Amino acid sequence: MAARSRSKAKSVKAKKRAGKGNGGTGRGLLERLKEGAVICAEGYVFELERRGYLQAGAFVPEVLFEHPEVVEQLHLDFVHAGSDVTQALTYYVHREKLRLIGREKDLAPMNRAALRIAKKVARKTGTLFAGDICNTNIYDPNDPKAIKEVERIFDEQVGWAVEAGVDYFVAETLAWVGEAELALKAIKRQSKVPTVVTFAMHQEPILRDGLTPAEACRRMEQAGADVVGLNCHRGPATMMPLIRDIRQAVKCHVAALPVPYRTTPQQPSFMSLTDPCCNNQRAFPVGLDPFMATRSEIFDFGREAFALNVRYLGVCCGAGPHHIRALAESLGRHPPASRYTVDMSKHSFFGTDKMIRRIQTEYRDKA
Ligand SMILES: [Zn+2]
């Protein structure tokens with residue numbers, strides 16, 4: 001009996017600790033943002049697809065059941081590279097997506113698996129543990145039945161994340177302000193932890209219900225979001241002008257998490273990029289490699305965004321750990337992965353070290 005009540009007291013204490021939303025380190029999202037930038041690695045489904053554990057198309061992370069160790073390692077890789085956050089891979093683990101692939105019965109266990117894996121990594125590494133909800137793909141402002149279903153989708157996913165004790169919530173990749181409002185309401189109904197709301201902009205510089213991103217973000221701030229901004233779809237070049245507008249429109253913290261692709265004014269979203277090498281076919285989603293941003297481009301993005309006082313930073317679909325490391329280094333940080341940041345001084349042709357033979361360095365221009 002005594003042992004039982006002791007363990008009960010222990011679990012109550014653990015719950016209290018988790019409820020503080022501080023990642024076990026004494027500093028929650030808002031405290032960290034007050035002090036400086038917070039890096040959140042996103043885009044897990046693209047990286048898992050590239051690693052051969054997830055199918056492009058539906059983009060549902062069945063890997064959570066099939067290879068949980070791969071998901072755990074990916075979280076660890078991003079933390080090693082400088083992410084301050086371990087975000088649960090519940091992106092596209094919602095009822096609509098699981099219905100689409102015929103696995104609706106796995107909905108609850110798959111969400112719980114994602115949350116369990118992320119929490120384990122977050123607590124082990126002292127990173128923040130983030131819950132995640134996202135675009136449902138059924139939202140239609142003129143369809144009350146669809147809206148009801150969106151509410152159900154958000155409610156149940158928020159419920160599982162609250163049960164897991166997330167430090168804060170992310171509602172992401174939303175193209176409708178109306179859908180974002182439902183997401184924020186669902187979070188506020190069940191939880192008091194901080195909330196990040198990020199919109200994903202397609203080719204047009206307006207949300208699908210007609211608002212500019214600045215107006216949409218202002219509306220989210222007024223509705224109680226702690227951090228507002230943009231994620232996914234656009235590369236740094238076509239996201240930053242919109243981020244500048246958002247920064248001027250709101251008082252709260254701003255988020256910028258572009259995709260690591262070279263989007264252009266003519267093709268501002270990664271879904272619209274066409275590859276001149278391949279009959280100008282759509283490059284999305286598995287032909288985007290030639291458009292990949294270099295580490296130095298992500299470094300420049302980080303510098304530029306932070307100089308604007310945009311503090312919630314990350315890279316979305318397409319990001320690898322090397323991008324996250326570049327982002328961290330742009331903020332003057334030295335994550336564990338920086339132990340291996342490029343140093344050409346001992347390179348066989350381009351090195352400057354005295355031990356590199358002249359027979360090599362003189363051949364440099366022909367290498
Ligand atoms: Zn993305």
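This is a predicted model: local features need pLDDT of at least 70, side-chain atom pairs count only at pLDDT 80 or more; totals for chains, interfaces and linings use all residues.

A residue counts as buried if 20 or more other C-beta atoms lie within 10 Å of its own.

In helix H5 (residues 68–80), the residues Val71, Leu74, His75, Phe78 and Val79 are buried. Seen down the axis of H5, these buried residues fall within an arc of 135°, so they line one face of the helix. That face packs against helix H3 (44–50), helix H4 (63–66), strand E2 (85–87), helix H7 (107–125) and helix H13 (321–330). The length of H5 can be checked as well: at 1.5 Å a residue, its 13 residues should span 18 Å, and the end C-alpha atoms are 18 Å apart, which agrees. After H5 comes Gly82, with a positive phi near 125°.

Strand E6 (residues 227–231) is buried at five of its five residues, so the rest of the structure largely encloses it. Val227, Gly229 and Asn231 point one way from the strand, while Val228 and Leu230 point the other way, and all are buried.

E6 pairs with strand E5 (residues 195–199) through four bridges, and the two run parallel. Within this pairing, Val196 stands opposite Val227. The chain passes from E5 through helix H10 (residues 213–222) to E6, a β-α-β crossover that is right-handed.

E6 is also joined to strand E7 (residues 253–257), by five bridges and again in parallel. Here Asn231 stands opposite Leu257. With helix H11 (residues 236–249), E6 and E7 make a right-handed β-α-β unit.

How values were computed
Residues are numbered from 1 along each chain as its sequence is written. A residue is buried if 20 or more other C-beta atoms lie within 10 Å of its own, exposed if 12 or fewer, and partly exposed in between; C-beta atoms are placed from the backbone. Two strands pair if DSSP finds at least two bridges between them. A crossover is right-handed if, with the strands pointing away from the viewer, the path from the first strand over the helix to the second runs clockwise. The expected span of a helix is 1.5 Å times one less than its number of residues. The arc is that of the directions from the helix axis to the C-beta atoms. Two residues are in contact if their C-beta atoms, placed from the backbone, lie within 7 Å.
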